Amino acid sequence: MKTPAPRWVCLQLLQACNLRCSMCYEWGKTGVHKKAVAPAELPLDVVERIIDEVAPYRPHIDLFGGEPLLYPQLGSVIERGKRGGCTVDLVTNGTTLEEQADFLVHAGLDRLFVSLDGPQPINDRQRGKGTFSRVERGLAALGAARARRGVQKPRIGITFVVTTANHHAIAETFLTALDRRDIDFISIEYQSYLLSDQLDAYRQLLRDRFATEAVRFAVGLVRDPAEFSAIDVAGVSAQIETVREVYESEGKHVITHPRVTTVENSMAYFAGRFEAMSDYHRRCVFPWLYAEVSASGDVTPCHTFYDLTFGNVKEQSLLEIWRGERFEDARRFFRNNLSPVCHACCLYHTDLAPS
């Protein structure tokens, strides 16, 4: 059955970012954008056209980057989405929150995800000197701005990616280093990665089934599981449960990627034995629910991999692409198949993904 419009739209407003986080699949050591001559940016008129087109269906809208707080017309984008009756969220590195706190509260943003990698020494080692204190001041400013206006939005969340550098500091980050009074939810996510043979299978799938040779985005996520051998998996699992217990006792929502973070499941993840995981699944529902528009205008049903696209919003409307034959053909494939790289996309681990 055809779906008239996506229920969830993610707009990569721009590729540019003011940080160079070492583990980032966009701008990190193996990041896909490092060789870009000029980072792309979605023109405001295109963004507004997309929002106006989907607003009658009241989708959820995510604003993504790069660093979306660098987008010059961000206020107009948020206002357009809210005026259309949509919920609007934003993912940020948080380094400019202090200056923009009042603006974000006034704009009516629904949720704000702030990326943080640990206490100050660890975070700054991965994200750059001074970033922890800037985020800390920004969170305080955002909480104060909400209090001044007597509102609870935007809801504030912290996203923490577990890496070899910070796996021992999960509990310290959330229970000691952060002032959690203004934090409403947290997301603890294992670092996404691919095995080299999965990349090869993905390349062959795109070539044979979808007639495309592009795997530029997937290449940046290839890792050898040996890189994660130093991670104390049992310690990670125990820390997550401790943090979960404390935050949930305070009424705060805890998200994890993967959803199951037992020792056994975590060991399978970091060893690259993805099919052995208890929450492994063979289908993805997002081609029927979700559309992401890259900063260059390409449309895909995947958040991490822009290799498989079905049209460009600078040439067609988003709904024309969503309802078009290329997207429908992909849905026919994904109805009974999973891409070899799907597990490395955070959408795979959301509550909407089938068990």
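Student: What makes Y247 count as buried?

Tutor: In this predicted model, Y247 has 0% relative accessibility, and since buried means under 20% relative accessible area, exposed over 50% and partly exposed in between (1.4 Å probe, protein chains only), Y247 counts as buried. Local features here need pLDDT of at least 70, side-chain atom pairs count only at pLDDT 80 or more, and totals for chains, interfaces and linings use all residues. Residues are numbered from 1 along each chain as its sequence is written, and side-chain values use heavy atoms, with hydrogens and water left out.

Student: Why is the pair of F174 and Y247 called edge-to-face?

Tutor: Rings of Phe, Tyr and Trp (its six-membered ring) pair if their centres lie within 6.5 Å, and planes under 30 degrees apart count as stacked, over 60 as edge-to-face and the rest as tilted. The ring centres of F174 and Y247 are 6.0 Å apart and the planes stand at 90 degrees, so the pair is edge-to-face.

Student: Why is the pair of Y193 and F228 called tilted?

Tutor: Their ring centres lie 4.7 Å apart with the planes at 45 degrees, so this pair is tilted.

Student: What makes α7 oblique to α12?

Tutor: The axes of α7 (residues 196–210) and α12 (residues 325–334) come within 12 Å and cross at roughly 125 degrees. Angles under 35 degrees count as roughly parallel, over 145 as roughly antiparallel, 65 to 115 as roughly perpendicular and the rest as oblique, which means that α7 is oblique to α12.

Note on methods:
Axes are lines fitted to C-alpha atoms, for helices over the stretch in contact, and angles run from 0 to 180 degrees between N-to-C directions. Helices (H or I, at least four residues) and strands (E, at least two) are DSSP runs, numbered from the N terminus.
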